[in-house]
Amino acid sequence: MTDHAADTPMPDLDAYAAAAAALLGLTLDPAWTGSVVANLRVLHAAAALVGGFPLPDTAEAAPVYTA
């Protein structure tokens, strides 16, 4: 099994957090920047796993989800 999370380059999450906060009109308290960036690292790794999961070309989205 390939580690797709390791294959995905890590973006500059400090810059991303600052730019996203500015774009959304939010003030990011510097005391929280480290926690926000840590959360973005976890989300980036999760997205890399989902995005790297191989699907056949014949895969279709489920029309109805039931629990």
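This is a predicted model: local features need pLDDT of at least 70, side-chain atom pairs count only at pLDDT 80 or more; totals for chains, interfaces and linings use all residues.
Me: What percentage of the residues is buried?
Reply: Of the 67 residues in the protein chain, 12% are buried. Buried means under 20% relative accessible area, exposed means over 50%, and partly exposed lies in between (1.4 Å probe, protein chains only).

Me: How many helices and strands are there?
Reply: The protein chain has three helices and zero strands, in the order α-α-α along the sequence. Helices (H or I, at least four residues) and strands (E, at least two) are DSSP runs, numbered from the N terminus.

Me: Where is confidence lowest, and where is it highest?
Reply: Confidence is lowest in H1, with a mean of 56, and highest in H2, at 96. For the protein chain the mean pLDDT is 87, and 88% of residues reach 70 or more. pLDDT is the predictor's confidence in each residue, from 0 to 100.

Me: What are the rules for including residues and atoms?
Reply: Local features need pLDDT of at least 70 and side-chain atom pairs 80 or more, while totals for chains, interfaces and linings use all residues. Residues are numbered from 1 along each chain as its sequence is written, and side-chain values use heavy atoms, leaving out hydrogens and water.

Me: At what angle do H2 and H3 cross?
Reply: The axes of H2 (residues 13-24) and H3 (residues 30-51) cross at roughly 110° and come within 9 Å. H2 is therefore roughly perpendicular to H3, a label for angles of 65 to 115 degrees (under 35 is roughly parallel, over 145 roughly antiparallel, the rest oblique). Axes are lines fitted to C-alpha atoms, for helices over the stretch in contact, with angles from 0 to 180 degrees between N-to-C directions.

Me: Which residues make that contact?
Reply: H2 contributes Leu13, Asp14, Tyr16 and Ala17, and H3 contributes Thr33, Val36, Val37, Leu40 and Arg41. Contact means heavy atoms within 4.5 Å.

Me: Where is Met10, and what does it touch?
Reply: Met10 is in the loop between H1 (4-7) and H2. Leaving aside residues up to four places away in sequence, Met10 touches Arg41 and His44. Met10 is partly exposed, at 47% relative accessible area.
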